[in-house]
Amino acid sequence: MTPAQLNHTAAVLAEILTFKQPADSILAAYFREHKKLGRQDRYEIAETVFAVLRHYQKISAIVPKPHTKPRQAALAALIIGRAADADLIHHLTEQEEVENLKSLFGNTNPFPSTLHITAELPEWLIEILQKHYDNTAILRFSHSINQPAPLDIRVNTLKSKRDKVLAQLQKEGFAAQATPFSPWGIRLKDKPSLNRHPLFLDGTLEIQDEGSQLLALLLGAKRGEIVVDFCAGAGGKTLAIAAMMANKGRIYAFDIAEKRLANLKPRMARAGVANIHPERISSETDPRIARLYGKADRVLVDAPCSGLGTLRRNPDLKYRQSPETLASLRAQQAAILAEAAKLVNEKGRLVYATCSILPEENEMQVHHFLESHPDWHIVDCASLLSNYKIPLDTGVYLRLNTEQHQTDGFFAAVLERN
């Protein structure tokens, strides 16, 4: 890292560490404003920013209120998270800054041995996790999410086959391999930029975590059916469902955010998909939804959630959530699930999913639904996946975690009427 790169890193951290906006959005906006920054500059800045976020608990222990001392936070992250040595730090800093960081050099551990600092998780989240897991499991989880994530992509089966695409990428020198569970997935080790690759530009490839791809398989949509993606967002899962339906049938993509749905339309065109109908709704009780009551063959609820299963990609999320936001999300999830169930026909299927690892948003939410909807039952996820010859058995529910499955943390429950 150069002194100029350090100054840019400190400037962007001053805003990111207030945790008012997503870190990746702030970083992207900063790079747009500073177009002269080269590829290596952006790499060094981004890697150091995310090292600060991943090691924020330790950094806070030695640099109180890091957002007011972003240079100190960046320097600490270079040592703790990026293995910088004393010579580099001396090259980048003033003597006073070096004095403040001296405790980080050497073999001694300068940090308190409390669980939240060791695990790099906020105390409120530790308290919730301890209701369900022992400290060893919490530390394993924290270690797994502090590792860099690979890049997962999905091959659009309307355009090509995975084997053919995988062979092409490997021939081009990408460190690519087939994902172990999704039949459409490819995992790229070094997180290369693909947004200008011909296979991305022509819609053959979509960036999508393997866990997310499996949700489309659990939904099991068939050609000619009526499908509702109740919380479609930018439509990654919607596109996977459309490919699975061979572009036949009708998919309603609902979301409350016009901007997210607007992002779906060019992706549809690129992917060669014509059976998706994006529609903005005001809420889960929007009157326009009522026309589909009892008519949908499949309904996917990828519910708004804490996102704590995606912490290796979005480490700032654990500081932008709180017990209060979690309580609000749980109420929203219950309301959405109850309304979405009204759309499913007598022989249809409802899939409830989150990218959270908290039982409060997952199993407990499903139990609450079943208690108030005795005419529904759970379908075994492992059995459904085995129909596709996928050797993944996490029990009745789909429970994916980064440590064991190398995916983001995902939960899914498949529900059908009795």
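The dialogue below turns to cysteines, salt bridges, an annotated domain and a pocket.

Tutor: Please note that this is a predicted model, in which local features need pLDDT of at least 70 and side-chain atom pairs count only at pLDDT 80 or more, while totals for chains, interfaces and linings use all residues. Residues are numbered from 1 along each chain as its sequence is written, and side-chain values use heavy atoms, with hydrogens and water left out.

Student: How many disulfides does a search of the whole structure find?

Tutor: A disulfide is a pair of cysteine sulfur atoms within 2.5 Å. Here the search of the whole structure finds zero.

Student: Is C305 buried or exposed?

Tutor: A residue is called buried under 20% relative accessible area, exposed over 50%, and partly exposed in between, using a 1.4 Å probe and protein chains only. C305 has 14% relative accessibility and therefore counts as buried.

Student: How many salt bridges are there?

Tutor: A salt bridge places a side-chain nitrogen of Lys or Arg within 4 Å of a carboxyl oxygen of Asp or Glu. The count by this rule is 21. In one of them, D152 pairs with R187, and their closest N and O atoms are 2.7 Å apart.

Student: What can be said of R313 and D408?

Tutor: Their side chains meet in a salt bridge of 3.0 Å, N to O. This pair links distant parts of the chain, 95 residues apart: R313 is in the loop between strand 8 (296-302) and helix 16 (317-320), and D408 is in the loop between helix 20 (402-405) and strand 12 (410-417). R313 is partly exposed at 28% relative accessibility, whereas D408 is buried at 5%.

Tutor: A further salt bridge joins E339 and K342, with the closest N and O atoms 3.1 Å apart. E339 counts as buried at 15% relative accessibility, and K342 as partly exposed at 40%. Elsewhere, salt bridges that share partners join D209, R312, R313 and D408 into one network.

Student: Which residues does the UniProt annotation cover?

Tutor: UniProt positions are given in the numbering used here, feature names are shortened, and annotations may be inferred rather than shown by experiment. The unreviewed UniProt entry annotates residues 141-418 as "domain: SAM-dependent MTase RsmB/NOP-type". That span is 34% helix and 23% strand, and its end C-alpha atoms lie 37 Å apart.

Student: What lines the second largest pocket?

Tutor: On a 1 Å grid over the protein atoms alone, a pocket is an open set of points where a 1.4 Å probe fits, with protein on both sides within 12 Å along at least five of seven lines; lining residues have an atom within 4 Å of a point. The second largest pocket has 20 lining residues, with Y133, F141, I357, L400 and N401 nearest its centre. Helix 10 (135-145) gives the most to this lining, with five residues.

Key. Helices (H or I, at least four residues) and strands (E, at least two) are DSSP runs, numbered from the N terminus.
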